[in-house]
Amino acid sequence: MIHSLFLVNASGDIFLEKHWKSVVSRSVCDYFFEAQERATEPENVPPVIPTPHHYLISVLRHRIYFVAVIQSEVPPLFVIEFLHRVVDTFQDYFGVCTEAAIKDNVVVVYELLEEMLDNGFPLATESNILKELIKPPTILRTMVNTITGSTNVGEQLPTGQLSVVPWRRTGVKYTNNEAYFDVVEEIDAIIDKSGSTITAEIQGVIDACVKLTGMPDLTLSFMNPRLLDDVSFHPCVRFKRWEAERILSFIPPDGNFRLLSYHVSSQNLVAIPVYVKHNITFREGSSQGRFDLTLGPKQTMGKAVESVLVSSQLPRGVLNANLNPSQGTYTFDPVTKLLSWDVGKINPQKLPSLKGTMSLQAGASKPDENPTINIQFKIQQMAISGLKVNRLDMYGEKYKPFKGIKYMTKAGKFQRCVWIAGSDRYYTNRASLIIVTS
Amino acid sequence: MTTMQKLLQLPVNAVNIVKTVQSQVQGQEEDKSPVLTPDSGQHSWYNALQPDELRHLRSGGTGGGGGGGGDQEERAPLEEGGGGGSSGGTFQTQPLRHDDLKEMLDSNKDSLKLEAMKRIVAMIARGKNASDLFPAVVKNVACKNIEVKKLVYVYLVRYAEEQQDLALLSISTFQRGLKDPNQLIRASALRVLSSIRVTIIVPIMMLAIKEAASDMSPYVRKTAAHAIPKLYSLDPEQKDQLIEVIEKLLADKTTLVAGSVVMAFEEVCPERIDLIHKNYRKLCNLLIDVEEWGQVVIINMLTRYARTQFLNPNINESLLEEGGGGEKTFYGSDEDEDEDEEEKEKKAEVAAMAKRKPYVMDPDHRLLLRNTKPLLQSRNAAVVMAVAQLYFHLAPKAEVGVIAKALVRLLRSHSEVQYVVLQNVATMTIKRRGMFEPYLKSFYIRSTDPTQIKVLKLEVLTNLANETNISTILREFQTYIKSMDKDFVAATIQAIGRCATNIGEVRDTCLNGLVQLLSNRDELVVAESVVVIKKLLQMQPEKHSDIIKHMAKLTDNIQVPMARASILWLIGEYCEHVPKIAPDVLRKMAKSFTNEEDIVKLQIINLAAKLYLTNSKQTKLLTQYVLNLAKYDQNYDIRDRARFIRQLIVPTEKSGALSKYAKKLFLALKPAPVLESPFKDRDHFQLGSLSHLLNAKAGGYQELPDWPEAAPDPSVRNVEVPEWTKCSSREKRKEKKVEKPFYSDSEGESGPTESADSESDSASGSESGSGSEESGSGSESEESEEGSESEEEEEEEEEKDKKKKKKELKKPVPETESEQSSEEEDRKIKRKSKQRKSDSESESDEDEESESESSQSESEDSESEIEVKKKKKTAEMKPPSKPVKKETKKEKKEMSLLDLDDFEPAPSPQVTPVNTFLSNSLVTDLEGLSLSDSVLSPATIAPSSVLKNYELLHRITGEGLSVEYCFSRQPFSPDANMVAVQMQFTNSATSDTKNLHMEDVKLQSGMRVKEFPEIELLSAGETAMAVMGIDFCDSTQAANFQLCTHTRKFFVSIQPPVGELMRPIFLTENEFKKEQEKLLQNLGQLMGMNEITEKLTLDAKCRNEHAIVQRVTTAANLSRVPCGSDKECSPPVPPPDHPVYRFAGRTVTSSSLVLVTVATKEEGAAQLTVNCEKMVIGTMLVKDILLALTQ
């Protein structure tokens, strides 16, 4: 299985290595660097690279490559999924997963990796268990540790792995018993140049933060479970109960976890909450182009569209853009040609717009590439699919917990075809709008 | 005392270490060395190490000085990292620096040690060499601070391989940890011990693994499973022994162990597929509760297993369409033989059925598919992929579709996941296009996708393209061409080309689109288009001379060599379609010849040659000119080509016979290129595997075998497990599963659902059939019922009709009643058949009657029979040895239900009643036929679990011969160390069976078998009994042997429940207590090992003395120790409020004492204590008794 792990930063330095079997020389990463050089973009490095004696499987998260070295046949997804789990664990422990954070906590990182894999085979990946084994560093604990010389390593050996419910630690106690559920939905849409939807899908997740004493057994039911077309569960959810009754029945892990992710089928009509009007033209022979973009809310059921961010990759020929936003601020990077406009909140009475001119390279012919537009936004207190939680019940414990449910819609990936009008010819262009609903 | 504190108190003192050191370093002074106090121990330890340490320092030094600055440079930053203000990075200071760390490690302060260890670990993490600190670090393995200890472990695992001698110092610490009463400490000790790759400790590791494999804690067993591949990679010669351990662990019933042991299996002995047979059903049933990583490994392994054991579910599809006939399945033919002369009508019916449905899915195959399906909902992409590949490789075509949705879901995950999934989807779409068609839009490309994802999505879209969706796909492609990502655009153009070749209708549209691209400003796009157009034109050149003309014009502008070469080739190839332009192109090319790239030059020569052959008048001189230019080219390929062509086409006197054929050579019709997906035929690799992804065999890849022609014997998967052991605590979590753990178990117990169904149908239909025949079919009918409950989907139409009939038969009696009245009805049917067939009275029948005569208390027929039955059972439970009998008499006073007044000497093994062999399920099947006039209260029925019967050979697999066995609990007279196994043979076939005997006994070392005497003749419908003895060597290993008849051999195996491995002995309470104490004290280092205590809550029905005693004695062959009131009890003890029950026995082989104590407390709480020298037996016994008392 997994032989070794190397962490490589954006500038190509190996800043951490860990071996689970015999030591593999770090020169094996040269093959990785070669592939990295060949790839034009960081994310284009192939996830699996064969070398004469090993195979390198890597993931890129937070601008760090996690390169696993394996020696023999193993399902690649197995390794990839595990590496992502490692990153998630780091994030869970250190808040961020950056090179600096890892370097600062190198001992904790090492202890974690030691517990997560045994001989290259995953051992403990549940965060509840890991946190019992190795306490996550907090400012307070760090201070206490420096003064008293105590440690991050748990005083008690975890019982979770031995218990019936391996994802939950035992002996949990809270004074305030709370269970919060966030229903977060994202829209993925492709919209053609005339504004009609080519595809639109809704992805949703239910993230939970459960702080309940003892061993509570929860059931969560929906008003309209039929909306959910395809679901994947945290291991704690009982499959059979869902299949038979469409009820989520589970003993939750302690703390934050993702209970469920789901997909609302494309058959259902998706109401897209924003629209974009655009007019981008280049005149042949002239070094000027016009840029005109207007945003507006649509079918938001009275909820405000917030945190709107529009970004667009302008054609390479564009030298600069001189634009005038009606609200928010915009930036244009002349090197990467990336235009981004931080709109903020959309006011339905006064629609935000971005107008102005672009200057082209003198004498250059009209660009024929299509700018892409990505839009991000959030809508609070609404799940765009209309999914509603019916009730949450708790069994197995006697106290009354506080229950809270929050809905949010975010933009996922949203594509739209854009006209670029020239003096004599139209090009059909495609842009991508990313809409996130939370 | 917390577990941690225990860990801290690990055997630590330096004494041992010092001893080892001295033996290592100084030789044989060990014996003389004085016992040191821990304090001085540390000191002398350091001294002892000194020489060695110096050696290391020196070696480091020479490396740094001679080997080059590399070493030195490596260390320089390390010092900065250390953070200390010590002086510069020169080589001389290096030892000093580390001395600093060493000092910290030697100090008494944990905080200093910790600081030092943290720095060292940071060095390791950065890949710096810290090996010279080994001696200083290793002694801290015994440090009391838990974090220091952990970091020392980290260090050890990293460097032990390099410093094997010194690493040995730590071994004794781990060895002691292995014996710790705390399971977590045992596990961690084993983990580290097995991780340090030191060859010399292989035997120690082996021993530790073996011991841990039979540890009572599943967590330790899991660790043992992890250790197996470690040891294997260290020393492959241990393979055989390791396989034994794997085999043992595979039989483990906890989910915790399952994933890890299968992983070990895959790494050590993936070829030993036979080890899986017995565990197959268990693995399938446990799968959903195994942790996710284990699931992946198990599913992949089961995919391979299923490929070797089951028939291809898709093979008979064509046959079915033709109306059958073709090949008969294994079962179909089996059935025919069975029924042959007996009932011809039936035979015809069965044959017809077999014809109509030639393929019958093995229920085990179905079990696998059904149990993996919910895992498609897993959050773990690897699990989903594993299930998807399982379905792709194993499921019938109609069912594969379910995986599409889950795979499409994975496309929203991280891009690396998408990358792998898309590769697999691309392969799947070639074989099963329809599956993904509904999800076409999910593969649309977004501008934000990385290029490699885009290209893969294109691949999938291209594979999915067909007549109906091509227009939408092409429209989509058109937008892609506008992308800024040029690699992606090139890929899109190729994709368009492939669509055009595959779908004739759109070829012209595509071609026109591509031609338009020729005017694109981007040269790459144009070049790619030219290449694709060239391929397309090859298919129908005559129609497209204007395109060729257009392209000829492009030669003026296009500079990309590949595109130019393609155009020239096209013109040359189809010069007849453009007779005027071609020579002109050649003229231009001749002019620029010297400046062209090599591939273009070669094509110019080709063009010239072709023109010369077709139109020599116009081009003769040009050709000569080109050939002359080529003759002096720098590239020898081109010079060669020119020479070769000149010889071939220009007629001279010397020119050989070939020049005649020049035209044929150059102007032969070339086949159009087939544009194929690079993913074609990749599915011969197991999907989801690394090899599939790379399209090359990776090391350690296990080939996915082809389906077998005929299915191997399915009975190898039959397991004889008492049903209650199946229900592990984790299973309870899934409520649904708990409801029928029994079903999922028994379901697979024998042949296919369908055939069993028809079988039972015939049996229940023919009431006049002999009793023994019915008993044979009993167990099957239960299965068929089970099938109707849970496997409806898979049943074919014809089957349903039959089932309906059967259900109608059953209707009159409600389901719940069946369980209770089952045994009674058993007997009724028996009696009926007895009356009818009075000629064939077996011995057992006589016995039954004699017994029923002895109980004259009841007058009513049916009730008396039940009474008899119960008595028989108690009789069987009680061994006939004298003291025990006395003992049971004492008990009798309290046990009102067990009236033993007329207790007869136990019957000889041969005369155990037959009716216990009738499974109660027969009755559920026959209840519709029988007369249920007397309904009995459940209380009067004794639990059916007393003296369990196990199936050795099922009727179907035995071709009419069925064999059951039970552990009769009688002493086996020829050899007291053997367990008596009583077997009943029933011949329900139509022909006689001769020469029944055993052969080829395969046993674990130490086990012995006394075979049963050969049965000469077992005529049709007859039943015979035999007793054999097996010395199981106090283990629950199965005894495997072959059962031979005059025609066939059957592989069978007998596995004893642990409770049968002992015989009861008589002890007084005092004796019992003494023995218990002795056991506890003896073998000091194993303290606590031979006592296992478990708290439990008694089942509601099991709170009186009688029930407890009965349940314990049922679970294990033990006798009760008379309690409290006995006179021997020296200080008279007042009768306790909460009685304590004691049971005693000895294991059959080694006569080790087995003492069981059940101490009851308030409200059904109780404590169970088992004392036994044999830990394994003790552990298993606790489990069994626990289950017996709580359920």
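**Figure 1. Helix α17 of chain B is largely enclosed by the rest of the structure, because 17 of its 18 residues are buried.** Buried means under 20% relative accessible area, exposed over 50%, and partly exposed in between (1.4 Å probe, protein chains only). The helix covers residues 292-309 of chain B. From first C-alpha to last it reaches 25 Å, close to the 26 Å expected at 1.5 Å a residue. That expected span is 1.5 Å times one less than the number of residues. Helices (H or I, at least four residues) and strands (E, at least two) are DSSP runs, numbered from the N terminus. The model is predicted: local features need pLDDT of at least 70, side-chain atom pairs count only at pLDDT 80 or more, and totals for chains, interfaces and linings use all residues. Residues are numbered from 1 along each chain as its sequence is written, chains are lettered from A and ligands numbered from 1 in the order written, and side-chain values use heavy atoms, with hydrogens and water left out.

**Figure 2. The interface of chain A and chain B.** Here 107 residues of chain A contact 95 residues of chain B, contact being heavy atoms within 4.5 Å. About 8800 Å² is buried between the two chains, 58% of it from carbon and sulfur atoms. This area is the accessible area (1.4 Å probe) that two parts lose on being put together, summed over both. Eight salt bridges are counted between the chains. Helix α2 (residues 76-94) of chain A gives the largest share of the chain A side, eight residues. That side divides into 51 nonpolar, 28 polar and 28 charged residues.

**Figure 3. A salt-bridge network links Glu81(A), Arg85(A), Glu126(A), Glu292(B) and Arg379(B).** A salt bridge is a side-chain nitrogen of Lys or Arg within 4 Å of a carboxyl oxygen of Asp or Glu. Arg379(B) pairs with Glu126(A), the closest N and O atoms lying 2.9 Å apart. Glu81(A) and Arg85(A) meet at 3.9 Å, N to O. Both lie in helix α2 of chain A, four residues apart, about one turn of the helix. Glu81(A) is buried at 11% relative accessibility, and Arg85(A) is buried at 10%.

**Figure 4. Lys405(B) and Asp229(A) form a salt bridge of 3.1 Å, N to O.** Lys405(B) lies in helix α24 (residues 402-410) of chain B and Asp229(A) in strand β11 (residues 228-233) of chain A, so the pair joins two chains. Lys405(B) is partly exposed, at 26% relative accessible area. Asp229(A) is also partly exposed, at 27%.

**Figure 5. Arg281(B) and Asp364(B) form a salt bridge, with closest N and O atoms 2.8 Å apart.** Arg281(B) sits in helix α16 (residues 280-286) of chain B and Asp364(B) in helix α21 (residues 363-372) of chain B, so the pair ties together parts 83 residues apart in sequence. Arg281(B) is buried at 2% relative accessibility. Asp364(B) is buried at 1%.

**Figure 6. Tyr419(B), in helix α25 (residues 415-431) of chain B.** Its relative accessible area is 13%, so Tyr419(B) is buried. Beyond four places in sequence, Tyr419(B) touches Pro46(A), Pro47(A), Gln452(B), Ile453(B), Leu456(B) and Leu693(B).

Conventions
Ala, Val, Leu, Ile, Met, Phe, Trp, Tyr, Cys and Pro count as nonpolar, Asp, Glu, Lys and Arg as charged, and the others, Gly among them, as polar.
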